[in-house]
Amino acid sequence: MKASEKVSVTTAVNSPVPAPTAEDAQRLAAARGARDEIRQRIGAGVAAAAAVAGATAGTKSRGDFASRRAAAEAYLAARPLGPQPQFAAAPEALVARFVAKAESLASSVARIAQRASAPAAVAAWLQAQGLPLQAVISGELADLDWASAGLSVAARAAADADPVGITGAFCAVAETGTLLLASSPQTPASISLLPETHIALVPESRLLATMEQAFAQVRAVGGGGLPRALNFISGPSRTGDIEQTIVLGAHGPCRVHIILLGDS
Amino acid sequence: MSARQPGAAKHSQAMFFQQRAGDKVRNPVLQQALQKARPLFVGKRAKGVAALAEDGLDGERLRDACAEIRHRALADLDVWLTLFEERALATGAEVLWARDGEEAAALVVALARQHGVRKVVKSKSMLSEEMHLNAALEAAGIQPVETDLGEYIVQLAGETPSHIIAPAVHKTLGEVEALFAENHGRPQKSRNSADIPEMTREARGVLREHFLSAEMGVSGANFLIAESGTAALVTNEGNGRMVTTLPPLHVVVTGIEKVIPTLEDFATLMRMLPRSATGQSISNYVSLLTGTRRSGEHDGPQKTVFILVDNGRADLLGSDYQDMLRCIRCGACMNHCPVYFSLGGHAYGWVYPGPMGSVLTPLYTGIENALDLPQATTGCNQCGSVCPVRIPLPKLMHRLRETQVERGLRPLGEGLAFKAWGWLARQPRLYRLFSRIAARYLGWLSDPAPDGSRGGRRIRIFGLAPGWTVGRDLPVPPGPTFHERYAARKRV
C-alpha cells in the first residue's frame, strides 16, 4: 500500500452503510463450486502423496475414502495422548504448583478456607489495591453475600465501563498456572475480558494437572459438544509489540487475581 | 503448480530481493531495531524449551509428536476437512471455501455488505495478508481496523508486517511515537522505553472504541479441530478474544491445511507453539471457539462463518514440498535466521519472510517470480533445528534451487561457471595448480598491512565478482592451500 492510500483508522466512518450487491449473493452461492474444486484438488494431492509413501515403504494403497474415514473416526474415538509432563499430582502439590506457575505469569493468588468468605476476601484485596468496590459477576456467584462485604455487584455480561469482573472457573490447570473459563448463559465470556481487573474464584477441588485432563472434564459435562467459548487464561493480557518490551494490560485485563477456595 | 496464482504473484515484490536487501543493510534505523530484537527471540525460545526438562519432557520427542500430528492431518486432509466441515455445520457455523486470496477477500466483503457492516475489527492473520483483505474492504467503503498492537502500528504506517508474530519488529520506539502522535491527534513527545506502557495504554483506549463499535470481527485460526468443528486462537493481547466475542458477526479466515484431529493433539501442539514463538510456556489466551451464541447467552457472535482458503496449498500435497504444509506459523525459523536478521522481513517482498517465506513465496506466487529467495540462505540449518514440526527447510530451499536449474531459470553465466569448475575439479594436478595461483592472487589483492607491505588480511574490492565486496570485505586465504599442507604433513 502506498503512503498516499493510507487509511486513517482513528477517524470515524461517516459514509453510508455499503449496500449488498447482486454480485455478492452470486459470490456466496458460488463458494459451493469452489468447495468441490478445492476438495477434488485435495483428494488428488492426498492420493499422490499416498502413492509416493506407498512406493517408498513398499506397502499397498492406504485405502479408499470410506476406509480412511473409518480410520480417522477410530482415531477420534481413541484420542491418544502425546508426551505427558511428569510432576507431583497430590492435591497439595497441585496447589503449590498452580500458585507458583500462576504467579510467574503475573497473576496474584490467595487461598481462603471457605467459599462463603470470598466476598470479604475480594473486598479486602480491592481496597488494598485502591480499586472500586463495584463489579460485574458471573451468575454462578450470585448466591454469595456481596452486599455485606460492601461490594456492589451485578450478574450480567460485562460492559466497557465495568472496573472489575468476578468469575468462577470451569477448572484450572496446574501445569501452566492457567484458568479455564467456559461460556454459558450463567458465565458470559466478556466478564473476564472487558474489565481492567479480573478476579477468579476457583475451588481447589477443580485444580487439574494438564490441559488434556481439562478436556476430559469438558467432554464429561458437555455431552459431546463444546461450549461456544473455552478460554484458557494465563495472567493479565500482555504485549511486546513496541521494541519487544513486555507490557501488562494490552486489550484485556491489566491484573488477574485468583482466590483458591478450600472447601468446595 | 506455480502458474495458477496470478493474483498472488501480482502483489509480490520478491523479484526485487537483491535491491531491497541492499537498501535494508544500509538502513541504520532498521538495523538498530533488528539488533535489539535478535538476542531476545533466541534467548526466550532457548529458555522456554529448556524448561520442558523440569517436567520430564523431552523437547525432541515433543517435536516428533507435533510433526506426527501435522503429518497425520495432511496425509488424510480430505477426510479431516470433511469431518471438520460436518461438525462445524452441526454447531450452527457456516463453512465457505475459496480457491485463492482474491476470492476469499470477495467473500468477506460480500458477507460484510449483506450484514450492513461499516467497520471490521481484525485480529492477526497472515492469510488475510495473502488475501489483501484490508485493501478489498477499503475499496468497498468498509473500514478495517487491525487490533494486534504490532499490526495496528504497521497499519498506521501504511506498511505490511515484517515478521509473522512480531509484525512491527522493524519499528523503533521513535517511529511508533511519531505514528501515534500523528494518528491520535496529539503533539509528538520525546520518548524512552519507560514510556512504552503509557503508549500501549493509549493504543488500548483507541482500539477499545473500535472493538465496541465494529459490526464484524475477522480472525484467523491457529488450528481447526476436526472432532468438534472448533477454531483455536492463541493470543497474548486479548484482541483475539475481543474480535470473536463482541461483534455480532465473526468470520474465520484460515488455510485448508490448518486442521488437526483432536483436542489432545491441540494440547500437545500447545506445549511447543508458544515456546517456539516467544518462549512462553503458554500464551495468555488460548481460545477454543465452537459455533455461535447459544440460547440464553448474553455475548458472543450471532453468526460465525469459516472461509477455508486454498491459494496454492492443495497443490503442495503429494509434491516435494508437502512437508511445508506442516508449518504452524511460530516464527522460530526467522528468529534464528542470520539472513532474516540482516535484512528484516520486508526484503523478502511478499507475505511470509525468513526461511519459511523463502519456501512458501516461490511455491504460492510462482518459482520464476521469487528466484532469489531460495538462494538467500547460508545453509546453516538453524531454522531446521528449531522448527517445532521438523520441516526440513534447508532441504526444501535446496529442492527449489534444483528446480530453478531444471527449468532453466538460472543465469547462463552461472551454469557455465559451475560446468568449468566441475571440469577443473576432475583434473587433480590442474586443480592444485589453479588453487595455488588463486590463493596467491587473493593474497595479492588484499589491502596493505600496517607496515605498508602487501599481506593484509582483508580484501576490500574484488574485481572479478564486485558484488561480494559491497557492504563487507573478504578474508584472505591464510597461506598455503589444503593440498600443499597435506603434502607437507605427509612428508614429516
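Reply: Glu243(A) lies in the loop between β10 (238-239) and β11 (247-248) of chain A, where strands are DSSP runs of E with at least two residues and helices are runs of H or I with at least four, numbered from the N terminus. The model is predicted, so local features need pLDDT of at least 70 and side-chain atom pairs count only at pLDDT 80 or more, whereas totals for chains, interfaces and linings use all residues. Residues are numbered from 1 along each chain as its sequence is written, and chains are lettered from A and ligands numbered from 1 in the order in which they are written.

The phi of Glu243(A) is positive, near 50°, although the residue is not a glycine. Most residues other than glycine have a negative phi. Glu243(A) is partly exposed because 18 other C-beta atoms lie within 10 Å; a residue counts as buried with 20 or more such atoms within 10 Å of its own, as exposed with 12 or fewer, and as partly exposed in between, the C-beta atoms being placed from the backbone.

Asn381(B) belongs to the loop between α17 (354-365) and α18 (382-386) of chain B, and it is partly exposed because 16 other C-beta atoms lie within 10 Å.

The 14 residues of helix α3 (residues 91-104) of chain A should span 20 Å at 1.5 Å a residue, and the end C-alpha atoms are 20 Å apart, so the two agree; the expected span is 1.5 Å times one less than the number of residues. Within α3(A), the buried residues are Leu94(A), Arg97(A), Phe98(A), Val99(A), Lys101(A) and Ala102(A). Their cover includes β1 (108-112), β5 (171-173), β8 (207-208) and β12 (255-261) of chain A, a contact being a pair of residues whose C-beta atoms, placed from the backbone, lie within 7 Å.

Between the chains, helix α2 (residues 65-78) of chain A packs against helix α5 (residues 77-90) of chain B at an angle of about 65°, with their axes 9 Å apart; axes are lines fitted to C-alpha atoms over the stretch in contact, and angles run from 0 to 180 degrees between N-to-C directions. Phe65(A), Arg68(A), Arg69(A) and Ala72(A) of α2(A) make this contact with Asp78(B), Val79(B), Trp80(B) and Leu83(B) of α5(B).

Terms used: Two residues are in contact if their C-beta atoms, placed from the backbone, lie within 7 Å.
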